[in-house]
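Good morning, colleagues. Please take a moment with the sequence and the model on the screen, and then I shall go through a few local features in turn.

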Amino acid sequence: MEILQYGLRKLLAGVPLIIGVTLLSFTLMVYFGPDKTYELLGKNPTPAQIAEIRHELGYDRPFLTRYTEYLRQLATFDLGNSDSTGEKVTGLLARSVPISLALALPGFVLGNLLAVMLALVAAFYRSRWPDKLIMGMAVIGMSISFLIVIFAFQIWFCTSFGLDLFPVRGWAVHGPADYLRYVTVPTMAIVFVALGYNTRFYRAVIVEEMNRDHVRTARAFGTPPLRLLCRNILKNCAIPIITRVMFSIPSIVIGGSLLIETAFGIPGVGKITYEAIVSGDQPVLKAVVGLTAALFVITLLVTDILYRAVDPRVSLE
């Protein structure tokens, strides 16, 4: 009951955040975004034709009316139709979001699990060669652009210039074998980049925990190294690790998938977002922005609940 009450309070507290994000993005789209009027008209349109198209697109309605309609669409999940294809935006998202999750989830999980393991090793052998080697590899991973990593992995694994083992573009998944063929290279690219940032962050957290009195005491009493790392150090590092993992979810879902899906031609939410930006498809853009803000609020809520789960001293007030 306490968690339910806290969840309702947190969701209500997130409403101003959603309104702020949607209002700012809607203002930018209305006053500075692309205008599809002349794209839909032929050459030399008459003023009547221009007025008719602007009326069909809803451009002639007052700003407040359009914004109120936008909030109503988000609240009812009736997000209208795409300006480019005419397809319902909810149908577009229902088809693309599962693909994005199936694509990003392996890289996201592996990127964090491997980073925690490498950070534990680096922290345990601090200032010795394993630590220097892992941190050196992390710096290399952080220094290379995600886009360059994607292109390098495509050339290396997907073309005749390299190993030519996997498809370079597309998403024709009909079973587990197809899934592995299409998801392997994107996953490797995600893990390669994520390891750099995650390992450095987790190592700093673990090293700080290793210098605390209770760890030194446990080590003085002869606690085995593995037990020391898992029970005395990693458990107390859970809150910063959860924070990093949870707050990277919205950026992975939108930012990471946008680059990966565009480069590999995978029809996920990142690719339809990119196409909406290029074509000025405002209904799709408004839906993605609004749902991303809602996802961030839900992430905040789940993060607080996880804090309480790993540390009962955390109060849900």
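Predicted model: local features only at pLDDT ≥ 70, side-chain atom pairs only at ≥ 80, totals over all residues.

Helix H7, residues 146–158, is built from 13 residues, and from its first C-alpha to its last it reaches 17 Å, close to the 18 Å expected at 1.5 Å a residue.

Which residues of H7 are buried? They are Phe146, Val149, Ile150, Phe153, Gln154, Phe157 and Cys158. These residues lie on the same side of H7, because they cover an arc of only 135° around the axis.

At the N-terminal end, H7 is capped by Ser145. A side-chain oxygen of Ser145 lies 3.2 Å from the backbone nitrogen of Leu147.

Let me turn to the surface. Trp129, Leu133, Met137, Ile140, Ile144 and Ile148 form a nonpolar patch there, and together they have about 640 Å² of accessible area. Which helix gives the most to this patch? It is helix H6, residues 129–143, with four residues. Another member of the patch, Ile144, sits in the loop between H6 and H7. Is Ile144 buried or partly exposed? Its relative accessibility is 32%, so Ile144 counts as partly exposed; the cut-offs here are under 20% for buried and over 50% for exposed.

I continue with two backbone features in loops. Phe77 has a positive phi of about 60°, although Phe77 is not a glycine. Where is Phe77 found? It belongs to the loop between helix H4, residues 63–76, and helix H5, residues 89–124. With a relative accessible area of 46%, Phe77 is partly exposed.

The second case is Ser127, with a positive phi of about 70°; Ser127 is not a glycine either. This residue is in the loop between H5 and H6. Ser127 has a relative accessible area of 53% and is therefore exposed.

Finally, I would draw your attention to Asp304, which lies in helix H14, residues 282–310. Why does Asp304 count as buried? The reason is its relative accessibility of 15%, since the cut-off for buried is under 20%. The side chain of Asp304 makes a polar contact, at 2.4 Å, with the side chain of Tyr6.

Thank you; I am glad to take questions.

Methods:
Residues numbered from 1 in each chain as written. Heavy atoms only, no water. Expected span 1.5 Å × (residues − 1). Buried < 20%, exposed > 50% of the residue type's maximum accessible area, 1.4 Å probe, protein only. Arc of directions from axis to C-beta. Polar contact = N/O pair within 3.5 Å; in protein donor to acceptor, adjacent residues only side chain to side chain. Patch = residues over 30% accessible without salt bridge, like charges linked within 9 Å, V, L, I, M, F, W, Y side chains within 5 Å. Areas by Shrake-Rupley, 256 points an atom, 1.4 Å probe, with all protein chains shown as cover. Salt bridge = Lys/Arg side-chain N within 4 Å of Asp/Glu carboxyl O.
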